[in-house]
Amino acid sequence: MLWAALLLPPGPDGAPPSDEALRGVATWALQFTPRVATSEEAVLLELEASARLFGGKRALRDRILQEGGDQGVSALAWATNSLAAHLLARAGIENGFKRPLEELLDALPMRALTAVAPHEGILSRLGCRTLGDVRRLPRGGVSRRFDKLLLGALDRAYGLQPEAHVWVDLPETFDARLELMSRVEMAPALLFGARRLLLQMCGWLAARHSGTTAFTLKWAHDVMRSKEAGQGGEITIRTAEPSRNLEHLCRLLAEHLAKTELKAPVGELWLNATEVVSLDEKIASLLPDEAQQGESLQLVLERIAARLGPDRVLRPVLTEDHRLEWMQMWQPVPMPLPRKSARKAAEPLNMPQPTWVLPTPLKLATRGHRPLYQGVLHLLTGPHRVEGGWWHRLGEGCDATTGHVQRDYWVALSEHAGVLWIYQERLASEETAWYLHGVFA
């Protein structure tokens, strides 16, 4: 078996870490294994079945060590059972596999085992200094003179008795709190504490195979505040697509905090996953994909929109409309269309589309019913008939003009201007006219 013990530092005045701190690290650890438990000041993980999933024991160890450090984990140890890993973490020994477990545990000071504490004075007078000294005492005498907890703990640490754990359940919702070590007066400085909460949230999302499209950071003002400041504030961050990428979420939050002003010093933070959706996992390929190494364009645009404002970064979206003027629409990058009202992408047309479109079609001169543009135009392909738009009212409230069109499009060749996109209006009241609408690159 492969067990890991993550040791949390003591709280203020040497007190044990709070249940809230243990629960936060345990929630983050659930992304690695469903077998997570807490014991005193440690979070215990059974990782035998998870090592291969995360790229092997070395890769899993490196990831837990790095992210665990961001969670405030002070020590990490590995062993064949949870109690042994816990004791080695207390002694600062990380690898419980480099030597036989009995040899490592025998050298530990006896106070490393919590069950020794009630009897430490007597055992010291008996000449015991290490766990090995206690283990070499006659078992019958130890059983009669001390309680059964001491022998039971020794046997579990040395793998002679099975262990029993109460596993941590994955919460249905994510709502975490963090008390800051000092009062924060500038909003950007809140990111240091918020990052720890975001890391916990990403671990919770990974365990649920989900991503978030909105999360809320709340803060409480210090009790020594003015009445005008209020009790605290909050900010909600929305993403264009479900994500649990820690660095991306931190960058988005940093951009918003840079534009936030605190009304009073802050002492506590809360983070809540407001909107959670199922995230489709990508199948990992056996071959490296260079295209997936860098940051996607969507994430870059989303970060720029957070900095400049959502109305300053737009993206084109194809719509189910064959009229060239309304074939695409522009909308803010981080605000996708609602799923129920989103318009589907247009089906591929059976005619080539121009690279450049004129804002207003240009009426062409004609010679003998043939259109002219820098010379006589030669019709190559067509007609491609487009009709519709009677539902689209323009200038509503001013006049009855609509966007209804009845056109026959042609691909034409100009000796000097190249390949053009022109159309002829159908059923026009006046003499049929030709218009230039686009140019092919």
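His-209 lies in the loop between H9 and S6, where helices (H or I, at least four residues) and strands (E, at least two) are DSSP runs numbered from the N terminus. The model is a predicted one, in which local features need pLDDT of at least 70 and side-chain atom pairs count only at pLDDT 80 or more, while totals for chains, interfaces and linings use all residues. Residues are numbered from 1 along each chain as its sequence is written, and side-chain values use heavy atoms, with hydrogens and water left out.

Most residues other than glycine have a negative phi. His-209 is not a glycine, yet has a positive phi of about 55°. With a relative accessible area of 48%, His-209 is partly exposed; buried means under 20% relative accessible area, exposed over 50%, and partly exposed in between (1.4 Å probe, protein chains only). Gln-374 is another residue other than glycine with a positive phi, near 55°. Gln-374 is placed in the loop between strand S12 (370-372) and strand S13 (378-388), and at 47% relative accessibility it counts as partly exposed.

Strand S6 (residues 210-221) pairs with S8 in the antiparallel sense over eleven bridges, two strands being paired if DSSP finds at least two bridges between them. In this pairing Phe-215 stands opposite Ala-273 in S8. Strand S8 (residues 266-278) is also joined to strand S5 (residues 175-184) by six bridges, and S5 and S8 run antiparallel. Asp-175 stands opposite Asn-272 in S8.

On a 1 Å grid over the protein atoms alone, a pocket is an open set of points where a 1.4 Å probe fits, with protein on both sides within 12 Å along at least five of seven lines; lining residues have an atom within 4 Å of a point. The second largest pocket has a volume of about 1100 Å³, a volume being the space filled by probe spheres set on the points, which are joined across faces, edges and corners. Its lining has 36 residues, of which Ala-21, Leu-178, Glu-179, Met-181 and Arg-196 lie nearest the centre of the pocket. Helix H1 (19-29), S5 and helix H9 (191-207) each supply at least two residues of this lining. The largest share, nine residues, comes from S5.

Glu-20, Arg-177, Glu-179 and Glu-268 are linked in a network of salt bridges, a salt bridge being a side-chain nitrogen of Lys or Arg within 4 Å of a carboxyl oxygen of Asp or Glu. The structure holds 18 salt bridges. One of them joins Arg-111 to Glu-120, with the closest N and O atoms 3.0 Å apart. Arg-111 is exposed, with a relative accessible area of 62%, whereas Glu-120 is partly exposed at 22%. Another is formed by the side chains of Arg-136 and Asp-133, at 2.9 Å from N to O. Arg-136 is exposed, with a relative accessible area of 59%, and Asp-133 is partly exposed at 22%.

The side chains of Arg-139 and Asp-155 also meet in a salt bridge, at 3.1 Å from N to O. This pair links distant parts of the chain, with Arg-139 in helix H7 (residues 139-145) and Asp-155 in helix H8 (residues 148-157), 16 residues apart. Arg-139 is partly exposed at 46% relative accessibility, while Asp-155 is buried at 6%.

Aromatic rings make a further set of contacts. The structure holds nine aromatic pairs; rings of Phe, Tyr and Trp (its six-membered ring) pair if their centres lie within 6.5 Å, and planes under 30 degrees apart count as stacked, over 60 as edge-to-face and the rest as tilted. The rings of Trp-28 and Phe-32 have centres 5.4 Å apart and planes at 80°, so this pair is edge-to-face. Trp-28 is buried at 0% relative accessibility, and Phe-32 is buried at 3%. The rings of Trp-421 and Phe-440 have centres 6.2 Å apart and planes at 70°, so they too are edge-to-face. The pair of Trp-421 and Phe-440 links distant parts of the chain: Trp-421 is in strand S15 (residues 418-425) and Phe-440 in the segment after strand S16 (434-439), 19 residues apart. Both Trp-421 and Phe-440 are buried.

Ring pairs link Trp-421 and Phe-440 with Tyr-409, Tyr-423 and Tyr-435 into a cluster. The charged end of Arg-407 sits over the ring of Tyr-423, 4.4 Å from its centre; the criterion is CZ of Arg or NZ of Lys within 6 Å of the ring centre and within 35 degrees of the ring normal.
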